[in-house]
Amino acid sequence: MQGLQDLVGFKSTKNKFYNYIQTLQDIIVSKLETVDGKAKFQEDLWERPEGGGGRTRVIENGNVFEKGGVNISAVHGELPDSMQQYFGVKNANFFACGLSLVLHPKNPMVPTVHANWRYFEMYDQEGKIVDSWFGGGQDLTPYYLFDADAIHFHQVCKTACDKHHPDFYELYKKRCDEYFWNTHRNEARGVGGLFFDYCKSSDDMSMDDWYNFVTEVGDSFLDSYVPIVEKRKELLYSDSQRNWQEIRRGRYVEFNLVHDKGTLFGLKTNGRIESILMSLPPHVQWVYDHHPETGSEEERLVNILQNPKNWV
């Protein structure tokens with residue numbers, strides 16, 4: 001009987017997706033180390049006392065990447081009270097796995113990037129799945145805006161979406177603009193990309209269909225970001241441009257600590273703090289009542305962040 005359960009388990013969506021993100025982590029880390037040319041990712045394997053664990057890989061002080069992480073986790077157990085109230089359930093157990101990455105380049109001409117692809121299951125007391133869904137996306141946060149970079153990033157996202165549904169790009173681009181919005185600043189965190197959540201089985205999309213879509217987006221990540229890095233990483237920059245980068249990084253920190261659901265979920269489920277806060281940049285400034293110079297590139301960026309635009 002145990003052998004049969006193992007066979008069924010291997011074919012399950014959660015095992016298939018966990019195997020996928022393990023492989024994707026290896027592929028992304030290998031490529032980023034090549035792009036950086038100096039620094040290597042440090043690996044930490046960790047366990048969560050309540051169930052599960054993860055594999056954190058962090059890069060620091062490289063030629064290109066000042067700090068970054070490409071992390072995977074698979075955690076399970078009883079859903080904490082705060083999350084049961086959020087989902088409107090009682091005595092529920094859960095399984096969640098995903099890959100989350102953030103890269104903070106040294107050069108302010110190279111944008112920060114974030115991506116996450118995840119899968120969630122919820123169970124009743126008998127261990128039966130009562131709900132399951134995929135989520136994820138990827139988004140770009142420039143400090144100096146090259147329109148061609150935003151167009152390239154969004155075009156790769158659109159190409160991945162179009163293979164699965166003609167409406168996905170427009171829908172998930174809009175949701176990204178809405179989600180990565182610093183309401184207390186009335187501006188976007190960056191120039192967006194894709195954001196999707198609660199992607200559940202329906203008449204139009206089975207869980208296999210969602211798996212194929214999410215992995216398509218995950219596979220497209222390096223194509224969306226690496227060409228931008230290669231194009232901008234050798235550009236010259238001034239101390240004042242570096243200062244602007246650090247001021248804008250402050251807005252990134254504000255979003256992650258105030259609004260980001262993934263950060264809050266990790267903190268509420270006793271996740272590994274070092275992995276959760278890996279997304280925070282190493283050098284940040286908060287300058288009192290700072291405003292960019294009129295007519296400057298810095299002001300142009302802020303104006304676009306306050307009024308998200310369509311790039312493709």
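Y198 lies in strand β9 (residues 192-199), where helices (H or I, at least four residues) and strands (E, at least two) are DSSP runs numbered from the N terminus. The model is predicted, so that local features need pLDDT of at least 70 and side-chain atom pairs count only at pLDDT 80 or more, while totals for chains, interfaces and linings use all residues. Residues are numbered from 1 along each chain as its sequence is written, and side-chain values use heavy atoms, with hydrogens and water left out.

Y198 is partly exposed, with a relative accessible area of 35%; buried denotes under 20% relative accessible area, exposed over 50%, and partly exposed the range in between (1.4 Å probe, protein chains only). The phi angle of Y198 is near 50°, a positive value in a residue other than glycine. Most residues other than glycine have a negative phi. A positive phi of about 50° is also found at D289, which is not a glycine. D289 is placed in the loop between α9 and α10 and, at 55% relative accessibility, counts as exposed.

The loop between α9 (273-276) and α10 (297-306) also holds S296. With 14% relative accessibility, S296 counts as buried. The C-alpha atoms of S296 and P105 are 22 Å apart in space, and the two residues are 191 residues apart in sequence.

Helix packing was examined next. Two packed helices are described by the angle between their axes and the distance between the axes. The axes of helix α2 (residues 13-36) and helix α6 (residues 207-232) come within 11 Å and cross at roughly 5°. Axes are lines fitted to C-alpha atoms, for helices over the stretch in contact, and angles run from 0 to 180 degrees between N-to-C directions. Helices α2 and α6 are therefore roughly parallel to each other, given that angles under 35 degrees count as roughly parallel, over 145 as roughly antiparallel, 65 to 115 as roughly perpendicular and the rest as oblique. On the α2 side, the contact (heavy atoms within 4.5 Å) is made by K16, F17, Y20, L24, I27, I28, K31 and V35. Helix α6 contributes D208, Y211, V214, T215, G218, D219, F221, L222, V226, V229 and E230. The residues of this contact divide into 12 nonpolar, 2 polar and 5 charged; Ala, Val, Leu, Ile, Met, Phe, Trp, Tyr, Cys and Pro count as nonpolar, Asp, Glu, Lys and Arg as charged, and the others, Gly among them, as polar.

Aromatic rings were also considered. The structure holds 23 aromatic pairs, a pair being rings of Phe, Tyr and Trp (its six-membered ring) whose centres lie within 6.5 Å, with planes under 30 degrees apart counted as stacked, over 60 as edge-to-face and the rest as tilted. The ring centres of Y179 and F180 are 4.8 Å apart and the ring planes stand at 90°, so this pair is edge-to-face. Y179 counts as buried at 15% relative accessibility, and F180 is likewise buried, at 5%. One aromatic cluster is formed by F17, Y20, Y119, F134 and Y211; F17, Y20 and Y211 also belong to the contact of α2 with α6.

Two charges are placed over rings, a term that requires NZ of Lys or CZ of Arg to be within 6 Å of the ring centre and within 35 degrees of the ring normal. The charged end of R232 sits over the ring of F146, 3.8 Å from its centre. K309 lies over the face of W311, at 4.5 Å from the ring centre.

W311 is also among the contacts of H154, a residue of helix α4 (residues 147-162). H154 is buried, with a relative accessible area of 0%. Neighbours within four places in sequence aside, H154 is in contact with Y169, K173, V191, G192, G193, W311 and V312.

V102, in strand β4 (residues 93-105), is buried as well, with a relative accessible area of 2%. Beyond four places in sequence, V102 is in contact with K67, G68, G69, T112, V113, H114, Y252, M278 and S279.

L257, in helix α7 (residues 239-258), is partly exposed, with a relative accessible area of 45%. Not counting residues up to four places away in sequence, L257 touches L264, L277 and L280. L257 and L280 are 23 residues apart in sequence and 9.3 Å apart in space, C-alpha to C-alpha.
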